Amino acid sequence: MTQFSIVVPTLNESENIDLLLTRLFALNLSPASFEIIFVDDGSTDGTPDKVRAWKNQSNVHLIERKEKPDLTASILAGVASAGSDVIVVMDADLSHPPESLLSIVTPVLNGNYDVVVGSRYIAGGSTENWPMHRQLLSRIGGWIARPICDVNDATSGFFSFRRELAASISNNARGYKILLELLMANQGKLRITEVPICFHDRTHGTSKLSFSHQQAYVQRLITLAGGTVTLNTAGRFAAVGLFGVLIDAFVFQWMIGRDAGLALAHFVSFFVAATINYTFNSKWAFREHHAGYLQWNKFGRFLTVGAFALLLRGGVLALLVYVWHVPPLLAIFPAIIATAAVNYLGSAFYVFPSEKDLPSLEIRWRTAAIGIVIFIILLRLVYFGLAQLIPDEAYYWQYAQHMDLSFYDHPPMVAWLIWLGTSILGHNEFGVRIGALLCGLFAMAYLYALAQNLYNKSTAMRAVLLLAILPIGFTSGLLMIPDAPLIAAWAATLYYMERALVAGKNSAWLGMGIAFGLGLLSKYTLGLLGIAALVFVIIDPSARRWMKRPHPYLAALLALILFSPVIIWNYENNWISFAFQSNRVLADSYQFSVHHLILHIVILLTPIGFIAAVLALFSAKQHDSQRLECRRHLFVQVFTGVPIFICFILSTFDLPRFHWTAPIWLAILPTIAWMIGQTDHLSILTRRIQAAWRLTIIACIFAYAFVLHYVVLGIPGIPYQLLTEHYFWRETATEIKQIAEEVRNQTGKEPIVVGMSKWSVASALSFYTHGEGTQLDIRSRNMFGDSGVMYEFWFPSQPPTDRPIIQVGMKRHDLEKTRTGIEVNEMLDRPGTIEYRIIERYGTPVRRVYYRVSEGFKGVGLSTAQ
């Protein structure tokens with residue numbers, strides 16, 4: 001009885017037939033146990049005759065196709081005529097070693113797997129005598145398939161599978177990579193394994209691989225991912241786009257010529273061109289995927305993609321005009337081109353997706369995750385060097401100007417990253433924030449690895465998507481604040497803790513010690529993971545064995561060594577930082593604030609994310625779940641539940657900070673991502689949450705892009721009234737420098753500028769006056785005996801002086817009294833009246849700044865004594 005069939009497609013392989021069959025029949029196999037089916041695609045070198053010469057072997061068969069040569073069609077023809085239920089596919093050119101046949105087919109024959117792939121790209125696999133360009137093309141082909149296909153060598157031509165699976169392959173399947181078609185048609189339903197093979201380049205004949213094959217492969221891959229990207233649609237889209245560019249540029253220049261303003265001209269020209277583009281795209285470029293009449297759902301999707309492209313384009317336009325000083329009439333062209341890809345890919349995958357070969361929900365989520373994460377990263381790259389620093393970032397930049405082992409109110413990691421970034425890229429927004437961008441990428445990578453270990457690849461991709469679009473991840477990947485390195489270290493610590501405590505990997509303790517130590521250097525909050533780890537070890541019997549082993553203690557020692565700069569600094573400063581953080585937690589004034597904590601969580605996770613987190617945290621595992629799955633579920637519950645429980649306890653008597661719980665939710669994001677992809681046995685609430693995630697994702701992306709566009713370029717019709725106290729410090733600093741120059745000219749003395757807030761005013765002014773002409777002497781309100789955190793270390797006191805004092809504040813009352821109620825006037829010599837100036841940005845009023853000029857400073861002690 002025939003146990004398996006070997007299908008060998010051929011096209012001009014006459015020199016290899018005898019060698020291949022000789023090596024196959026030399027294997028320790030009964031000829032009755034297998035058959036060899038050659039499917040010839042119109043060879044002109046006598047290949048069919050070579051096969052017929054083996055007619056004495058009853059298990060050698062020949063099929064001659066008369067249709068247009070196509071590798072997939074040839075293999076399917078061979079499968080259709082096979083006399084067994086197990087199929088092996090291999091090439092005729094001996095690049096696939098026949099000696100590996102048994103390792104390829106046996107796992108399927110035994111019923112252990114549905115598909116076995118001979119892989120060049122796993123341990124033990126290799127390629128020999130293959131030109132470098134062919135190796136590179138093969139690697140690239142495998143890499144671009146990895147997001148939607150879960151094997152390392154998706155372009156392999158040597159594999160075995162159960163014959164019945166071929167029936168699920170699409171009728172539209174074409175090209176030379178039928179393995180990809182097989183895997184995608186049965187996504188999520190197969191038991192797949194890879195075995196290593198040594199791939200040898202052919203010694204006889206010529207390769208049939210051509211550019212058209214590569215093009216067909218990429219096009220088919222995009223179709224399998226749910227897109228409609230073809231040369232036909234791309235060419236038509238380009239033609240429509242070119243016409244749209246002309247319309248866009250004409251309207252833009254017409255409005256600029258009438259002093260409409262950069263933002264308004266950019267908005268109006270885009271919408272005019274987008275409307276025309278949609279009409280032509282729906283009627284012509286994507287007509288194969290359009291019903292031929294206006295479909296509101298598709299039009300709504302087109303507007304969504306258009307809005308994203310518009311808001312990204314605004315950043316590109318601002319970068320060209322305001323940073324590179326390109327004239328607006330020229331800058332509009334590269335801005336249009338730079339965002340054309342967003343429009344095209346959005347149209348191909350979202351507005352007019354493939355409907356003939358509609359991929360599974362899992363693949364659609366994967367495709368969406370890739371596109372959205374790339375867009376979010378692009379959004380950060382375009383805007384994070386354009387958006388001005390918020391005062392918090394300017395304060396941490398001040399850390400980097402006064403480098404130390406640690407600081408009063410935070411550990412030093414944020415300062416070290418800013419120092420490194422500004423040393424390389426300069427004292428600008430890009431230099432300050434580059435650390436946040438890199439930390440965001442590290443966090444994504446570790447969260448992906450954690451989610452893949454807890455669940456699977458699809459869940460991991462959705463988890464990264466959630467991190468990218470939820471406020472907890474987007475802000476930490478954009479703003480250079482202590483939460484940026486904290487989020488990265490938290491994700492890394494979770495990954496290594498899962499590997500150590502759940503997977504039992506000894507080597508993971510080294511990574512955990514490093515990640516934990518770096519996390520403590522970022523923010524003390526990471527210590528909550530240590531408490532969670534202790535609880536998990538106590539609860540979980542398997543993890544409890546680590547208490548008798550040296551690994552966790554060595555990891556703790558390593559973390560302590562990395563944390564030692566903070567300990568040394570505190571020792572030298574009477575443990576003041578530890579005391580400060582303890583006082584914040586154990587405050588004397590009690591205030592029940594659980595409702596504030598819940599509100600903060602809802603904002604950080606979004607309402608849908610909050611509900612999903614609650615369901616994920618309190619959901620119970622099924623009784624028939626495997627023990628490892630139960631332990632993973634326990635890991636998620638403990639490493640989310642313990643830290644959040646501590647925060648709830650603290651909020652019963654103290655007001656929590658808005659962002660305190662942000663990193664805690666990293667542990668449960670994989671479970672939320674897993675719930676999004678479930679389809680079986682779902683409650684009505686779960687189904688509604690799944691549906692609501694789509695709108696939540698769109699709303700979050702739009703909100704981020706809208707705010708970034710607003711602060712950088714503005715939004716037509718929306719005045720600058722939302723951020724008046726905490727933004728536009730570059731323009732404010734220019735005005736303060738002018739005031740200081742006026743005072744300098746009037747008095748002949750160098751004034752002292754005092755920011756009348758704890759640190760925000762002084763820090764923002766310091767950053768935006770740094771390196772520009774005469775440096776201002778800028779202090780904080782601690783000069784008047786009020787709290788100034790690190791300014792108390794940098795500028796601990798100011799003796800009486802006759803130098804002019806310029807107070808600067810965001811509000812009038814900031815200039816009048818300290819927080820303790822002491823009149824500031826008593827410390828000033830001949831204080832003037834409080835005045836304000838209107839700050840403008842490109843001719844548009846954006847905020848007020850209050851200031852007062854005094855002739856001198858009496859000192860804190862002397863003024864109160866008098």
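Arg 191 counts as partly exposed, at 40% relative accessibility (buried is under 20% relative accessible area, exposed over 50%, partly exposed in between, with a 1.4 Å probe and protein chains only). Arg 191 forms a salt bridge with Asp 114, with the closest N and O atoms 3.0 Å apart; a salt bridge here is a side-chain nitrogen of Lys or Arg within 4 Å of a carboxyl oxygen of Asp or Glu. This is a predicted model, in which local features need pLDDT of at least 70 and side-chain atom pairs count only at pLDDT 80 or more, while totals for chains, interfaces and linings use all residues. Residues are numbered from 1 along each chain as its sequence is written, and side-chain values use heavy atoms, leaving out hydrogens and water.

**The whole chain**
- The protein chain has 31 helices and 15 strands; these are DSSP runs numbered from the N terminus, helices being H or I with at least four residues and strands E with at least two.
- Of its 866 residues, 54% count as buried.
- Its C-alpha trace spans about 120 × 75 × 55 Å along the principal axes.

**Salt bridges**
- The count of salt bridges comes to 30.
- Asp 18 pairs with Lys 50 at 3.4 Å between the closest N and O atoms, linking helix α1 (residues 14-25) with helix α2 (residues 47-52) across 32 residues.
- Asp 18 is partly exposed at 29% relative accessibility, and Lys 50 is partly exposed too, at 32%.
- Arg 433 and Glu 393 meet through their side chains in a salt bridge of 2.8 Å, N to O.
- Arg 433 sits in helix α15 and Glu 393 in helix α13 (residues 391-401), so this pair ties together parts 40 residues apart in sequence.
- Salt bridges that share partners also join Asp 114, Arg 162, Glu 164 and Arg 191 into one network.
- As for cover, Arg 433 is buried at 1%, and Glu 393 is buried at 0%.

**A buried strand**
- Strand β12 (residues 805-809) is mostly covered, with 5 of its 5 residues buried.
- Ile 805, Gln 807 and Gly 809 point one way from β12, while Ile 806 and Val 808 point the other.
- Strand β10 (residues 752-755) runs parallel to β12 and is joined to it by 4 bridges; strands pair if DSSP finds at least two bridges between them.
- On that side, Val 754 stands opposite Gln 807.
- Strand β15 (residues 844-857) runs antiparallel to β12, with 5 bridges, and Tyr 851 in β15 is the bridge partner of Val 808.

**Helix α27 and what follows**
- α27 has 29 residues and reaches 42 Å from first C-alpha to last, close to the 42 Å expected at 1.5 Å a residue (the expected span is 1.5 Å times one less than the number of residues).
- A kink of about 25° is centred on Trp 693 in α27; the bend is the angle between axes fitted to the seven residues ending there and the seven starting there.
- Gly 714, which follows α27, has a positive phi near 90°.
- Phe 728 is in the loop between α27 (684-712) and α28 (729-747).
- Phe 728 has a positive phi of about 60° although it is not a glycine, and is buried at 1% relative accessibility.

**Another positive phi**
- His 325 has a positive phi of about 60° without being a glycine.
- His 325 lies in the loop between α10 (296-323) and α11 (328-351) and counts as exposed, at 62% relative accessibility.
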